[in-house]
Amino acid sequence: MLNIEDLHVSYGPIEALHGISIEVETSEIVSVLGSNGAGKTTLLKTISGILNPTRGVITLDGVVIGGMEPSTVVRHGVVHVPEGRHIFPNLTVQDNLILGGYFGTAAQNSENMAFVLQTFPVLRERLRQRAGMLSGGEQQMLALGRGLMGNPRVLLLDEPSLGLAPIVTSEIFAIVRRLAKEHGFGVLLVEQNARKALDISDRGYVLVNGSIELSGASGELRENPEVQKLYLGGRNVDARL
Amino acid sequence: MWTLVFRGLATGSIYSLTAMGIVLVLSTTNVMNFAQGDMGMFLAFIAFALLMRHVSYPIAIVAVVAVGLLLGALLERGLMAKVRKTTSHLGMLIVTLALTMILEGLAGYFFGTTPLLFPPALQGDPLHVFGAILDRQDLLSLAVAGVVVFILFLVLYRTKIGIASRSLAEDEYAAKLLGIPVRSIYIFIWATSFGLAGLAGVMVAPKLSLEPGFMIVIQLKAFIAAVLGGMNSVVGAVVGGLLLGVMENLVAYYVPQIKDSFSLILVVIVLLFLPEGLFGRRAARRA
């Protein structure tokens, strides 16, 4: 569905991504692991149209979306939930969600709104509150819900676990996985928390200094000694939680 | 006393209209617009030209607002959007200063620099209500400001484009990611603010004399009203404008020695002790 081929991205004269190829299929959760500065966020920003690729192709079901405006990319169904959530703190929860469906028809939006509130009941209770008053976990749910309002075919998730308690992260990851499987959208998940990311994803890529060093099924990556050493904090650490 | 308060509110309503325009543009595009007052001046001249050709008053007002919306959209597409790509916010601020000179120059060229008498919309003896003397033009300014505030709030809080404008003021990056068409929103904002300027100009012109520099004082007062209201809040701009008008009027009557310097003293005090203004956004973030 989402195909990225030989993607190069530069900031001025400095190239940040050196020819990356990634694909995400329907209902599939794909994680991208890597340390700070590896180029994970650059990758997502390029897919969503904030940055322009210098080379390479990004397609969704064969339609080229690389290099398009963010509003065009969103209309094609690629929705980016950014790192740090970026909800609008002084707008109500409801207004935040409404903006997620900026391009939808009224009927679509009310259907999606019902769906989001059913998925995250806590948001229903706080619909009229300012989004800035929500807890970190609730804000992440709002950011996700706002993304879901855009009828995603592919959801780009950037560090959804950032600043959240482990139990909240697990809850949110479980919801993401369930939704992806039930509703058939793909998820491209960028995470520092490699363990949790590999737990919910089907496949993974390891990004090092702007290039893909390793890729494979999540189970394989978890067993890979190098991945264990670099991203999972050593051997035989309890992989649950 | 009530007469003083009422007159203050009427003057304040003009400050509010102008301050709303300033705050709308500032909070969404981060540009401090020094031309807000002169945009109103220019439109007041157009209204004057129409009235002199025996166009009826209501039609002249509607026409001026329409021209304002159009000029605002043109200003954004033709100038601001281009400048935004190449310069900083400070650079854009200078552009608005240049705009004041262009507008004042154009007004002087087309309409002359001799002060003109702008006819009031409503004539006739003032009304007496509970001992207060209410001037008809003042009542009209207040009513117009009230209606405009009501409509503007409906738009900002109940329509998609309004909510999107407010989101842009909070987090442009997030707004872009959601696919909100930022360019159209900028057009909407500049058009609205130019339209507001036109209303303020036409409402206040009969109270002052019409000449190219007549809105400069209003611009300054509106800026102070905006500071009072917290610079990023449209509610604050409305309340700040009314409050400034009333305080100014009371001070002028009871402490005439400081009537000219009062608003400047006020702005210093506000910035010192209440830098967020009355309605400034305190960080609402948590976690």
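## About the model

This is a predicted model, in which local features need pLDDT of at least 70 and side-chain atom pairs count only at pLDDT 80 or more, while totals for chains, interfaces and linings use all residues. Residues are numbered from 1 along each chain as its sequence is written, chains are lettered from A and ligands numbered from 1 in the order in which they are written, and side-chain values use heavy atoms, with hydrogens and water left out.

## Where the two chains meet

Let us start at the interface. In chain A, 33 residues are in contact (heavy atoms within 4.5 Å) with 24 residues of chain B. Together the chains bury about 2,600 Å², with 62% of it on carbon and sulfur atoms. Buried area is the accessible area (1.4 Å probe) that two parts lose on being put together, summed over both.

The interface also has 1 salt bridge, meaning a side-chain nitrogen of Lys or Arg within 4 Å of a carboxyl oxygen of Asp or Glu. Its partners are R166(B) and D95(A), whose closest N and O atoms are 2.9 Å apart. On the side of chain A that touches chain B, α2 (70–76), α3 (93–100) and α6 (136–148) each supply at least two residues. Helices (H or I, at least four residues) and strands (E, at least two) are DSSP runs, numbered from the N terminus. The largest share, 4 residues, comes from α3(A).

## The nonpolar cores

In soluble globular proteins, nonpolar side chains tend to be buried together. A nonpolar core is a set of buried Ala, Val, Leu, Ile, Met, Phe, Trp, Tyr and Cys residues joined through side-chain atoms within 4.5 Å. Buried means under 20% relative accessible area, exposed over 50%, and partly exposed in between (1.4 Å probe, protein chains only).

The largest nonpolar core has 87 residues, and those that touch the most other members are L99(A), L17(B), M20(B), F118(B), I180(B) and F214(B). Helix α8 of chain B (residues 182–204) gives this core its largest share, 14 residues. Leaving aside neighbours within four places in sequence, I180(B) is in contact with L99(A) and Y102(A), as well as A164(B), S167(B), A175(B) and I185(B). Another core, of 42 residues, lies apart from the largest one and includes L97(A), L144(A), A197(A) and L221(A).

## Salt bridges within chain A

Over all chains, the count comes to 16 salt bridges. One of them joins E159(A) and K40(A), at 3.5 Å from N to O. These two are 119 residues apart: E159(A) is in the loop between β7 (154–158) and α7 (166–183), and K40(A) is in helix α1 (residues 40–47). Both E159(A) and K40(A) are buried.

Another pairs K181(A) with D202(A), at 3.0 Å from N to O. K181(A) is in helix α7, and D202(A) sits 21 residues away in the loop between α8 (194–200) and β9 (203–208) of chain A. K181(A) counts as partly exposed because its relative accessibility is 36%, and D202(A) is partly exposed at 27%. Salt bridges that share partners join R177(A), K181(A) and D202(A) into one network.
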